[in-house]
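I am opening my notebook to look up a few things in this structure, entry by entry. I will write down what I searched for and what I found.

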Amino acid sequence: MSTGKAQSTTSSPQPPSAQPTSGADIVVQCLVNHGVDTIFAYPGGTSMPMHQALTRFRDRIRVVLPRHEQGGGFAAQGYARSTGKVGVCMATSGPGATNLVTSIADAKLDSIPLVALTGQVGTPVIGSDAFQETPIVEVCRSVTKHHYLVTDVNDIARVMREAFHIASTGRRGPVLVDLPKNVQFAQTIPQYDAPMDLPGYTGVCPPAAPEEIRKVAAAIRQARRPVIYAGGGIVAAEASGALRALAEKTGIPVATTLMGLGCFPGDHPLSLDMLGMHGSIYANYAVHEADLILALGVRFDDRVTGKVAEFAKHATIVHVDIDPSEIHKVKHAQIAVVADVKQVLAALNEIVEPPENLADWHKTIQQWRASDPFHYDKAYEGILAQHAIEELSNLTKDRETIVAVGVGQHQMWTAQFFKFRRPRTLLSSSGLGTMGFGLPSAMGAKLAHPEKLVVDIDGDGSLLMNVQEMATCYCEKIPVKVLLLNNQHLGMVVQWEDRFHASNRAHTYLGPIDHPEAIGLGNGIGPEQRYPDFVAIARGFGWQAHSISKKNELRPALLEMIQSTGPYLLDVAVPYQEHVLPMIPSGMTVKDAIRE
Ligand SMILES: Cc1ncc(C[n+]2csc(CCOP(=O)(O)OP(=O)(O)O)c2C)c(N)n1
Ligand SMILES: [Mg+2]
């Protein structure tokens with residue numbers, strides 16, 4: 001299911017060069033052939049030939065030097081998530097390669113197209129525990145969509161074609177290409193159009209049969225309480241327009257997953273916002289009471305379903321997914337369609353007729369919505385994270401804005417209080433839930449969209465996990481903004497301690513261990529005790545930075561951040577006592593939701 005935006009995997013490659021060319025140069029020429037304009041690469045002994053080759057292509061590929069390979073992998077993801085194109089990162093063997101593993105696993109769980117290149121020790125010493133040798137293909141076997149150890153220079157051009165094809169077709173995902181140093185030095189006459197050799201994989205999903213589409217249309221026509229449950233697959237398939245057309249044609253309300261936020265406008269009257277553990281009460285009740293669920297590009301993640309047996313238990317489930325292994329994996333679907341969701345929606349929109357009467361259903365949903373909106377204490381004397389996010393959302397609503405997040409409470413509040421109106425505007429490590437994702441992914445997105453405002457809404461724990469990327473942003477002139485919701489704690493874990501472990505603090509305070517807060521004593525933290533000094537850190541990296549704690553400072557400080565021209569960190573003191581609500585505890589249902 002290639003899209004207009006995805007890099008071409010079939011475009012005619014460069015004419016084969018008649019000159020013997022090194023493996024390293026062939027790798028880079030292949031990147032050019034696939035339309036790669038940016039790569040995030042950290043060098044080392046075994047990847048040096050490829051770095052040398054990259055200098056010969058300076059006019060066509062920008063090489064960004066992250067300050068940690070994990071940052072490079074997440075930056076490549078930010079590039080990929082915000083554009084739909086394949087993101088590319090590169091690392092040396094051994095520690096460089098293992099530093100990429102988390103970003104690769106992250107891309108796998110969220111189905112993000114990524115090509116990760118690694119240097120490897122020379123083929124004669126593979127398996128001998130050579131200096132900086134790790135069997136990275138073995139390490140990554142189960143967290144990649146596919147992986148290669150290239151042992152012959154003559155295979156490089158074909159492998160690179162296959163890697164881009166696999167990463168960007170079907171269900172997207174990460175592909176690892178491990179390149180021993182002697183293979184990078186070896187020379188051959190490159191065959192850039194070497195045919196791909198992928199038995200059993202075409203990447204092309206046949207269109208859904210007309211009778212399947214008719215079945216779905218018939219189910220819709222008969223439904224009285226239908227709900228669309230839309231996820232990252234809608235974004236990947238560029239199917240947002242078709243989804244909106246379906247919703248508007250039929251009047252069916254739309255709940256999205258975290259990965260799906262933005263695939264349907266959050267301010268549309270039919271939007272139910274996010275569903276799941278920290279989703280809206282109205283989305284979760286609608287799914288609970290539904291008689292028809294149209295599950296589109298989703299995978300029934302446990303953070304969405306809670307107790308699987310209770311999830312949508314009164315509903316006929318229609319599941320559309322490009323990956324057959326998702327069908328019936330968690331929840332049996334009465335109507336299963338394995339196809340590109342954009343094609344399915346386009347065909348469906350041609351014939352679908354609205355259900356006879358949804359007035360009662362809309363009314364019921366409206367009542368749930370009115371009685372249980374997302375909310376926070378507007379009278380709170382300081383700044384609540386929710387308030388800061390909502391204010392940022394309001395201040396940026398007329399600007400093209402991309403938001404990246406870390407993982408934790410700030411991530412969930414962003415999902416609840418920032419209005420996402422377009423696909424690819426929220427970058428969130430959703431499946432793996434990797435702290436440290438925000439800053440580097442924002443960096444990658446800003447490189448791809450220099451004209452857009454890119455803000456990382458981050459937590460203090462998460463930001464520290466890849467704080468070194470502040471150096472990359474400064475040195476590479478990538479002016480991202482960080483809105484730091486600084487609660488001095490691993491807030492989400494604190495919330496679980498409060499709810500499920502009698503508030504016993506178990507290593508969730510981020511300040512010095514002799515502070516009373518470290519063992520749950522003390523009644524809140526004054527700014528004078530805050531640790532670390534993020535403003536000093538950011539300034540040390542060459543950023544502009546500012547810290548606030550008073551409510552009346554919020555709006556002007558956000559405006560200053562938005563209007564600044566360089567990288568800018570706004571450190572906002574927020575309380576750690578606040579919980580993300582509503583919350584459906586793991587394995588439970590909306591009826592068990594904690595509301596206060
Ligand atoms: C790499 C990694 N380690 C541990 C966790 C577990 N975890 C989930 S949320 C969280 C707290 C995050 O703290 P912070 O970034 O400050 O965000 P807050 O919840 O305070 O907004 C932790 C430790 C994780 N998701 N990722
Ligand atoms: Mg925190």
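Which side chain does glutamate 69 meet in a polar contact? I looked this up in what is a predicted model, and I found that the side chain of glutamate 69 is joined to that of asparagine 99 by a polar contact of 2.9 Å.

**Entry 1: around glutamate 69**

I placed glutamate 69 in helix α3, which covers residues 69-83. I then checked its charge partners, and I noted that glutamate 69 is buried yet has no salt bridge, the nearest side chain of opposite charge being that of arginine 67, 11 Å away. As a reminder to myself, side chains of opposite charge can pair when their charged atoms come close.

**Entry 2: the surroundings of ligand 1**

How many residues surround ligand 1? I found 17, and the closest are Gln409, Gly433, Asp460, Ser462 and Gly491. I looked at polar atoms next, and I saw that an oxygen atom of ligand 1 is 2.8 Å from a polar backbone atom of glutamine 409. For aspartate 460, I noted that an N or O atom of its side chain lies 2.8 Å from an oxygen atom of ligand 1, and for asparagine 487 I wrote down 2.8 Å between a side-chain N or O atom and an oxygen atom of the ligand. Ligand 1 taken alone exposes 590 Å², of which the protein buries 76%.

I also asked which helices build the shell, and I found that α16 (409-417), α18 (460-465) and α20 (491-500) each supply at least two residues, with the largest share, four residues, coming from α18. In α16, nine of the nine residues are buried, among them Gln409, His410 and Trp413.

**Entry 3: salt bridges**

I looked up the total and found that the structure holds 27 salt bridges. One of the pairs I followed is aspartate 25 with arginine 56, where the closest N and O atoms are 2.8 Å apart. Aspartate 25 lies in helix α1 (residues 23-33) and arginine 56 in the loop between α2 (48-55) and β3 (62-64), so this pair ties together parts that are 31 residues apart in sequence.

My next pair was aspartate 59 and arginine 60, which form a salt bridge with the closest N and O atoms 3.6 Å apart. Here I noted that aspartate 59 is exposed, with a relative accessible area of 63%, and that arginine 60 is partly exposed, with 40%.

I then turned to arginine 505, which forms a salt bridge with glutamate 497, the closest N and O atoms being 2.9 Å apart, and I found both of these residues buried. Last, I recorded a network of salt bridges that links Arg171, Asp323, Glu326 and Lys329.

Key: Residues numbered from 1 in each chain as written. Chains lettered and ligands numbered in written order. Predicted model: local features only at pLDDT ≥ 70, side-chain atom pairs only at ≥ 80, totals over all residues. Heavy atoms only, no water. Buried < 20%, exposed > 50% of the residue type's maximum accessible area, 1.4 Å probe, protein only. Lys, Arg positive; Asp, Glu negative; His and termini not counted. Salt bridge = Lys/Arg side-chain N within 4 Å of Asp/Glu carboxyl O. Polar contact = N/O pair within 3.5 Å; in protein donor to acceptor, adjacent residues only side chain to side chain. Near = heavy atom within 4 Å. Areas by Shrake-Rupley, 256 points an atom, 1.4 Å probe, with all protein chains shown as cover.
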